[in-house]
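Here are my notes for a colleague who will be looking at the charged pairs and the nonpolar packing. Please read them beside the sequence and the structure.

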Amino acid sequence: KSKIRMTVALQTRMTYRYVGDISDIYISNFRSMLDDTNYSAEELTAMAAGYTKLLSASADLLNDLKQIITPSGLSMTDKERLDIIDRIYYEMLEYRNLTEYYTRKNISVSFLRSRQRGDSERVRALYGGHNDRYW
């Protein structure tokens, strides 16, 4: 039983960490995207809406997790509770991975456009060199 608790505790901790990762990915990269001349205002608005949906869905999962791990009037078995925590963990991991993918795809558009214009170095400087970036 202690092994199960440790796994649940780790999953819970990682779920919270993934929310932070999603926020960090959004904040650090979208700030650069705002300074990137390869995007139109409409494209930036659409990207912000995409990030907002990812952040909102993540926040909803976090609220679900809080209800499960906080003593409340919810009556469920330990197995049901563990299954829900497990599901939330994997969904949050998926949202984190989706946020990274979404960011990579948005930045790749800028790289393609910059290559056509011959200013790839400016974009590389904006988002970081090969060793500096996670994407």
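**Notes on charged pairs and cores**

1. R96 counts as buried because its relative accessibility is 16%, where buried stands for under 20% relative accessible area, exposed for over 50% and partly exposed for what lies in between (1.4 Å probe, protein chains only). Please keep in mind that this is a predicted model, in which local features need pLDDT of at least 70 and side-chain atom pairs count only at pLDDT 80 or more, whereas totals for chains, interfaces and linings use all residues. Residues are numbered from 1 along each chain as its sequence is written, and side-chain values use heavy atoms, with hydrogens and water left out.

2. R96 forms a salt bridge with D21, with 3.4 Å between the closest N and O atoms; the term requires a side-chain nitrogen of Lys or Arg within 4 Å of a carboxyl oxygen of Asp or Glu. This pair links distant parts of the chain, since R96 lies in helix α3 (residues 78-117) and D21 in helix α1 (residues 2-34), 75 residues apart. Helices here are DSSP runs of H or I with at least four residues, numbered from the N terminus. Together with E100, the residues D21 and R96 make up a network of salt bridges.

3. How many salt bridges does the structure hold? The count is 8, and another of them joins the side chains of E43 and R113, at 2.6 Å from N to O. That pair also links distant parts of the chain, with E43 in helix α2 (residues 41-69) and R113 in helix α3, 70 residues apart. E43 counts as partly exposed because its relative accessibility is 26%, and R113, at 25%, counts as partly exposed too.

4. The side chains of D119 and R122 meet in a salt bridge as well, at 3.1 Å from N to O. D119 has a relative accessible area of 21% and is therefore partly exposed, while R122, at 30%, is likewise partly exposed.

5. Turning to the packing, the largest nonpolar core has 14 residues, and Y18, I85 and M92 have the most contacts inside it; such a core is a set of buried Ala, Val, Leu, Ile, Met, Phe, Trp, Tyr and Cys residues joined through side-chain atoms within 4.5 Å. Helices α1, α2 and α3 are the elements that give two or more residues to this core. Leaving aside residues up to four places away in sequence, Y18 touches Y89, M92, L93 and R96, contact being heavy atoms within 4.5 Å.

6. A second, separate core has 11 residues, including F30, M33, Y39 and Y127.
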